[in-house]
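Okay, thanks everyone, let me put the structure up. I'll walk through a few spots and keep it short.

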Amino acid sequence: SDADWAFTRSLVSVTLLLLPPLLLVAAMPSSDLPTLRIIKADQLPASCFEPVDPQAREQALAMIEDVKANKEDGLLKHAWRLGDLPSGDRKYTVTRDELRAAFEAAEPSLQGLLERVAARVRTFAEAQRASITTVSTEIEGGAAGQQVVPVSSAGCYAPGGRYPLPSSVIMTAVTARAAGVGRVVVASPRPSPVTLAAAYVAGADLLLAVGGAHAVAALAYGLGDALAPVDLICGPGNKWVTAAKSIVSGFCGIDMLAGPSEVLVIADASADPQVVAADLLAQAEHDVEARPILVTPDAAVIASVNRALQSQLETLTTSEVAIPAVQKGFAVLVGDIAEAVRVSDRIAPEHLEIQTADAQAVGESCANYGGLFIGAHAAEVLGDYGAGPNHVLPTAGTGKYTGGLSVHTFLRQRTWMRIDDLVAAQRQVEDSVALARLEGLEGHARAAERRLIADGGAGKKQRAA
């Protein structure tokens, strides 16, 4: 049948795509495959602490300026150049109705999978939302408080160049909706049918079928009548996406600098080297720029994990990507677990796995990370695929000062105050006058003096200029 023939053609195409890296690796003895190089704690590479690549930033800035100046034409020029769209194709948006059609065309098993993952992410996000509320309190002569309100619109970036990542669509857009964001736009280059279906389940209003710095520019500055700008951009991406987010930050909000993936595993002799190697490769296959890191006080652990890495790379279908990433990774040999924790806190990894005999205690002693995975059973990939906490996490040391994507990313805490009883407020008015004059701000002092009550009820005389 036509359907059978179409399926066979698809299967053959996928097989042919996978053959080159498989044949390349199969031709290599496992001993020739890369291993993690061994370094000391004082030899951490500087690239661990550089969230924005300088060259990528320069390239991203040029693309952003082009889109700002030329709107849709600038966007399409880069989309055609980078292969987001066929040359000359001007359709770069997918409407809500088209997203619904993609979902309805999916197999029931896929529909159920996407809905279950979205439900888990939504449940956790709603619990986060409930943790911060509108409050008010009495102040001298009145009241003050905060309102917790979402941004009006959000742009959710989901990588799609090398692999379709419907999980990132769900992580970003579902969380935005749980926060109460009114308009949600997803951007993902060359979206697969699964990505489109995920965008529908996640509640996206629109999908831009483009990626990279030009997509970030379109979200931040808009495309005239074709697309209104968003208030905040979130989601992971490659070094050009990360650079672009750093450039537009301030004009609009961003969640964090979430660049190429990284995982750090603290392990001791109790760890299973095959499990550690599998978890390192799970991140290495994301991107040739990804960074797998092992930290251990036991040289035998490094040796056994490196042997497991070589063995698993022999059959890993994504080895073409994973091998360069392993070559960028490293193992840190430390004196004890306490030093391993100090090394981890310096790096502040995106993903931190603890595979030690006392994993809970070690995990609790760590201070800086994006996401923490305690014990051998808590695979980082479970976090990737919707256990609940978000998988969009800070990289390149930025976990020292920020956390992962959450509903709080999309919320604004707006404060207010009101004075109902000016007599009861006199002490804070007097203090304001005094502080203003200590700072040399006479205009501030005079504004406060207008609220002072004289003996006869009129405002006290202002100081002469």
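So, let's start with a cysteine. Cys 366 comes out as buried, because its relative accessibility is 8% and the cut-off for buried is under 20%. Keep in mind that this is a predicted model.

Next stop, Gln 355. You'll find Gln 355 in strand β13, which covers residues 351–355. Is Gln 355 buried or exposed? Buried, at 4% relative accessibility. Its side chain makes a polar contact of 3.2 Å with the side chain of Asp 279. Skipping neighbours within four places in sequence, Gln 355 also touches a list of residues that includes Val 265, Ile 266, Ala 267, Val 275, Val 276 and Ala 376.

Three strands make an open sheet, ordered β3-β4-β15, with antiparallel pairing. The edges are β3, at 135–139, and β15, at 411–419, and each of those pairs on one side only. From one strand to the next, the twist averages 20°. If you zoom in on β3 and β4, residues 142–150 for the latter, they pair antiparallel over five bridges. One spot to look at there is Glu 138, which stands opposite Ala 143 in β4.

That's my tour, happy to take questions.

Terms used. Residues numbered from 1 in each chain as written. Predicted model: local features only at pLDDT ≥ 70, side-chain atom pairs only at ≥ 80, totals over all residues. Heavy atoms only, no water. Helix = DSSP H or I, 4+ residues; strand = E, 2+ residues; numbered from the N terminus. Buried < 20%, exposed > 50% of the residue type's maximum accessible area, 1.4 Å probe, protein only. Polar contact = N/O pair within 3.5 Å; in protein donor to acceptor, adjacent residues only side chain to side chain. Contact = heavy atoms within 4.5 Å. Pairing = 2+ DSSP bridges. Axes fitted to C-alpha atoms, helices over the stretch in contact; angles between N-to-C directions.
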